[in-house]
Amino acid sequence: MTARKLVIAHRGASGYLPEHTREAKALAYGQGADFLEQDVVATRDGSLVVLHDIHLDDVTDVARRFPARRRPDGRHYVIDFDLDELRRLNVHERRRRGTDELLYPNRFRDDGLEFRIVTLEEELRMIGELNRATGRTVGIYPEIKEPDWHRRHGIDLSARLLAALDEHGYRSASDPVFVQCFDAGELERCRRELGTRLRLVQLVDGDAAGDAMLSRESLSRIAAYADVVAPSFQQIGVPSGDGGFRAETWIGGLALLGLGLHTWTMRRERVPAGVRDFESMLAFFLTVTDGVFCDQPDIAVAVRDRMLLAGR
């Protein structure tokens, strides 16, 4: 391993505390993550908040507090609430959709403790203050969530996000920020129409359409506007049958295109069958990529640092 690989805290230290809460981000910072992820969505009054979904039901008590605000599909959407209303919600560990069952049963269970939704502004200020106080430079990794959805509701999420980043001094390719999105057209718009110089990350769905984006021709198109491609780990390595992984051949051409490679998501709870253990999984993907998203950033940092000491 010739360069320090990045550990990206996936929704913060989400393996230990409810995702995207201030507490989860502070813990991930303390665990040594290089970047903290922010999924960004907009409220009815135009505030940018840090939540993974455009709806609220799986990670908050919105159904109990606002039962009449469901849409016909049974869900409560962030865009239907003002920020002051969202501040009244309690954030809890993610549930399986439509149930009270924890998605990961061994994670944080105490719903009696209060965790709150955080605005993008608050999170950027907190990270800036932590960087100042510690002397470290921990970066940010915001995602433009469902830009078409927001546009249909009258909000240009990309423009608002880039403006917010600019206000906090994130303006150039050398700044500690990656902006990610699954929507290729929107990322290209960020580069060409909105004129951002920030590093852009093309996220790739782990489905057939995503697989098609990993062809040589498609990757060449991505390289014209993005700096990094970020598929799921299953698209990068497959279990080899001896407790490890075998790298897919397509990743060998990325360097010639000038594209970096990040991958999502390393979770201790989701080690594929036949793979030796979580640490060896992390070691493989830290070797073949430039950075990994991880729910348990402390473990990823420890594995990465051991590899550095060993000169791998």
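Mentor: What follows sets values computed from this model against the definitions behind the words. This is a predicted model, in which local features need pLDDT of at least 70 and side-chain atom pairs count only at pLDDT 80 or more, while totals for chains, interfaces and linings use all residues. Residues are numbered from 1 along each chain as its sequence is written, and side-chain values use heavy atoms, with hydrogens and water left out.

Trainee: What makes the radius of gyration of the protein chain agree with that of a compact globule?

Mentor: The radius is taken over C-alpha atoms, and the globule rule is 2.2 Å times the number of residues to the power 0.38. For 312 residues a compact globule would have a value near 20 Å, and the protein chain has 19 Å, which agrees. Along the principal axes, the C-alpha atoms fill a box of roughly 55 × 45 × 45 Å.

Trainee: How many helices and strands does the protein chain have?

Mentor: There are 12 helices and 11 strands, where helices (H or I, at least four residues) and strands (E, at least two) are DSSP runs numbered from the N terminus.

Trainee: Why is His-10 called buried?

Mentor: Buried means under 20% relative accessible area, exposed over 50%, and partly exposed in between, with a 1.4 Å probe and protein chains only. His-10 has 6% relative accessibility, and therefore counts as buried. His-10 is found in the loop between β1 (6-9) and α1 (22-30), a loop that also holds Ser-14 and His-20. Ser-14, at 3%, is buried as well, and so is His-20, at 2%. In His-20, phi is near 60 degrees, a positive value in a residue other than glycine.

Trainee: Why is Glu-146 called partly exposed?

Mentor: Its relative accessible area is 43%, so Glu-146 is partly exposed. Glu-146 is placed in the loop between β4 (139-144) and α5 (147-152), and its phi is also positive, near 45 degrees.

Trainee: Which residues are in contact with His-10, beyond its neighbours within four places in sequence?

Mentor: Contact means heavy atoms within 4.5 Å, and by that rule His-10 is in contact with Glu-37, Thr-265, Arg-267, Phe-293, Cys-294 and Asp-295. Arg-267, in the loop between β10 (260-266) and α11, is buried with a relative accessible area of 15%. With residues up to four places away again not counted, Arg-267 touches residues including His-10, Arg-11, Tyr-104 and Asp-295. Thr-265 belongs to strand β10, and a cis peptide bond with omega of about -20 degrees joins Trp-264 to Thr-265.

Trainee: What makes a nonpolar core, and how many residues has the largest?

Mentor: A nonpolar core is a set of buried Ala, Val, Leu, Ile, Met, Phe, Trp, Tyr and Cys residues joined through side-chain atoms within 4.5 Å. The largest has 85 residues, and those with the most contacts inside it are Leu-56, Leu-165, Leu-219, Met-266, Leu-282 and Phe-285. Helix α11 (residues 278-288) gives the most to this core, with seven residues. Apart from it lies another core, of 10 residues, among them Ile-8, Phe-35, Phe-178 and Val-228.

Trainee: Why are the buried residues of α6 said to line one face of the helix?

Mentor: In α6 (residues 157-167) the buried residues are Leu-157, Ser-158, Leu-161, Leu-162, Ala-164 and Leu-165. Seen down the axis, they fall within an arc of 160 degrees, so they line one face; the arc is that of the directions from the helix axis to the C-beta atoms. Helix α9 (residues 216-223) has Ser-218, Leu-219 and Ile-222 buried. These cover an arc of only 100 degrees, which puts them on the same side of α9.
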